[in-house]
Structures are given as C-alpha cells and as structure tokens.
Amino acid sequence: MASTPAVNTKSSYWQSLVTDWSADREVFKLSWGKLMMWIFLLSDTFIFSVFLIGYMNVRMSATDSWPLTSEVFALHVGGADIPLLLIAIMTFILITSSGTMAMAVNCAYQRNKAATFKLMIATAILGASFVGMQAFEWSKLILDEGVRPWANPMGAAQFGSAFFMITGFHGMHVSIGVIYLTVVAIKVLRGHYDEKGFQIVEITGLYWHFVDLVWVFIFAFFYLW
Amino acid sequence: MSGQPETASHGEGQQHPIGLYFKVWILLFVLSSMSYAVDYFHFHGYLRWTLILVFMFLKAGLIISVFMHFAWEPSTLKLALGLPVITIIVFIAFMAIEADYTFLSRLTFMSGGT
C-alpha cells in the first residue's frame, strides 16, 4: 500500500472532517448522554436568542425613552446609590458557582466522590442564593418601583415585559439546575455511578455552565446596554 | 490559555489540569469586574457598546471553550453546533430592520405616541 504523503494540517483537518461525516459509522465520537445535552443546549440557545432578539426589537422600536437600568437596579448602601450592585453580586456568585462546578467535574474523574459531592452542593447553594437574590430584585421592582409587564413609571412600557420574561426564564433555568445538581450529587455520594463512570457530572456541568453563559449575555444586553 | 497543546483525553471523559480552571476562573472575575466598571464609570456611546461586547464575547468564549470543554471536542460536534448558531445573526439583522421600520412608522403616524 502506497504511503500517503504528509499533507499540511489545514487540508488534513477538512479531510478528516469530511471523512468523519461521510464514513459509514458514528459521526460524533461522544457518549450519547453528552451529545444529547449539547443538542438540548443548542435548542436552549435558540430560545434565549429569541427572547433577547425580541427585547432588542421592542427596545429599538419604543418611542418612549428606555428606563435607565443603571439607576433602576441601584442599591442604596450606606447613604449612597451604588448602580447595579445587586446584579454585580449575582454575576460574581454565578461565576463562582461555575468555578466550583468545573472543580467538581475534575474531582469526579479522579473518583473522589466526597469532594465531588461537596463541590456540587456548593454549586447548588450558590445557585439557590442567586435565585434568592433574584426574588428580592423582583419584589423590589414590583412592590417598590411599580414595574408591571404592561407599564412602569420610568419609561417605555416594554421594559417590564422584557425584564420579567428574560430574567424569569433564566431564573427558572437556575432553579432547575439547582435541583438537577442536588439529585446528581446525592447519587454520586450513594455510589450510583461507581460502575457506570462519572461522565454524568460533566454533563450536569455542561448545563450549569450554559446557565452561567446565558447570564453573561443577559448581563451585557439587558443590564449594561 | 485555552490554546494549550493538549488533546482530549479519551477514556472516561474530559480531564484537564485544575490550574487551567483556576486561571479561567480568575480571568472571568476580572472580565466581569471590567464590564461592571463600564457602567460604574459611566462610559457612553460607541465606547460603551464596544467594551460591553468585547468583555461579553471574551467571557462567553472562555466559558464555552474551557469550562464546557468545547475546545477539545471533536470537530464534527463543533460544526454541528457552530453552524446553526450563525442563523441567529441573520435573525438579529432581520429584527433590527423590522424594529427600525416600526419605530419610523410610529413617529410618522402616531405623532410620537407609544
């Protein structure tokens, strides 16, 4: 058999890609669980994109001025209004939880069940505190500032509906993530995955990092823009 | 950073040195602080929007490529997940044009109403 000449890396990349797709075998060299989580996250990407695009659309077409998020979400601390303070804290909590989740995945593959459990529960607690702060933020906005999905005293009426829809849906994802993490963490500790392997922790991590990822976009487009 | 010359360790799953996670973690903290600073120091106009987008994409890229291990996944998965996302850009363009039209119509026909 003639030896194949060394091809440059670029063409071999595309060649192997074509081979992977056209060969009569599995295209994705992944476990089905992980692949399905990725496909689910892709569909979730579209859901959040549609929400954020809808928000862009109503904000661009509103003739009333858009409420100043920097002031709306300011916290009164020590006699001064600090803009977006609560949102910043929530952002850091979510990033911290992403870090503990990454550590949990690492520990799971080292088969350190106790550490995996602790880190996953820490992630879940951080997630729960995020939801708690969001509940505080919502009640402050609804009760003190009089924001409704159809109107608000600060400006364009579309602000309320966009805010409740986007942050509500994200908060729901965080809440589901907290439950998911807790369930998997308990199962890890009980030895449920001792024979199957600990990839479930990585799959759970994918979901959790995605929730953090969505927050990055919400933080940029809704709160900072 | 994310471009370390290691390949996906097959076998059970994605395994990477814990130091890499720490570095990314710290970077995410720094980037978040910087995007918060954009608001805190009242940057306005194009400078503000550019900075917000740059920090946002850097954070998103770090989370996807390192925390979600996307950088080490097979190229078939990258293609299958990356291509559909491009359609979102088309949708954004469509809706931006549509919003512009709605805005102008409102100005013209509703005498500045809502």
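Over residues 50-72 of chain B, the chain is 78% helix and 0% strand, with the end C-alpha atoms 29 Å apart; helices (H or I, at least four residues) and strands (E, at least two) are DSSP runs, numbered from the N terminus. The model is predicted, so that local features need pLDDT of at least 70 and side-chain atom pairs count only at pLDDT 80 or more, whereas totals for chains, interfaces and linings use all residues. Residues are numbered from 1 along each chain as its sequence is written, and chains are lettered from A and ligands numbered from 1 in the order in which they are written. Residues 78-97 of chain B are 100% helix and 0% strand, and their end C-alpha atoms are 30 Å apart.

Helix α1 (residues 18-40) and helix α2 (residues 45-67) of chain B have axes that come within 10 Å and cross at roughly 160°; axes are lines fitted to C-alpha atoms, for helices over the stretch in contact, and angles run from 0 to 180 degrees between N-to-C directions. The residues in contact (C-beta atoms, placed from the backbone, within 7 Å) include Leu20(B) and Val24(B) of α1(B), and Arg48(B) and Lys59(B) of α2(B).

Between the chains, 45 residues of chain A are in contact with 46 residues of chain B. On the side of chain A that touches chain B, α1 (9-22), α2 (32-61), α4 (85-109) and α7 (199-224) of chain A each supply at least two residues. This side comprises 27 nonpolar, 13 polar and five charged residues; Ala, Val, Leu, Ile, Met, Phe, Trp, Tyr, Cys and Pro count as nonpolar, Asp, Glu, Lys and Arg as charged, and the others, Gly among them, as polar.

Key. Contact = placed C-beta atoms within 7 Å.
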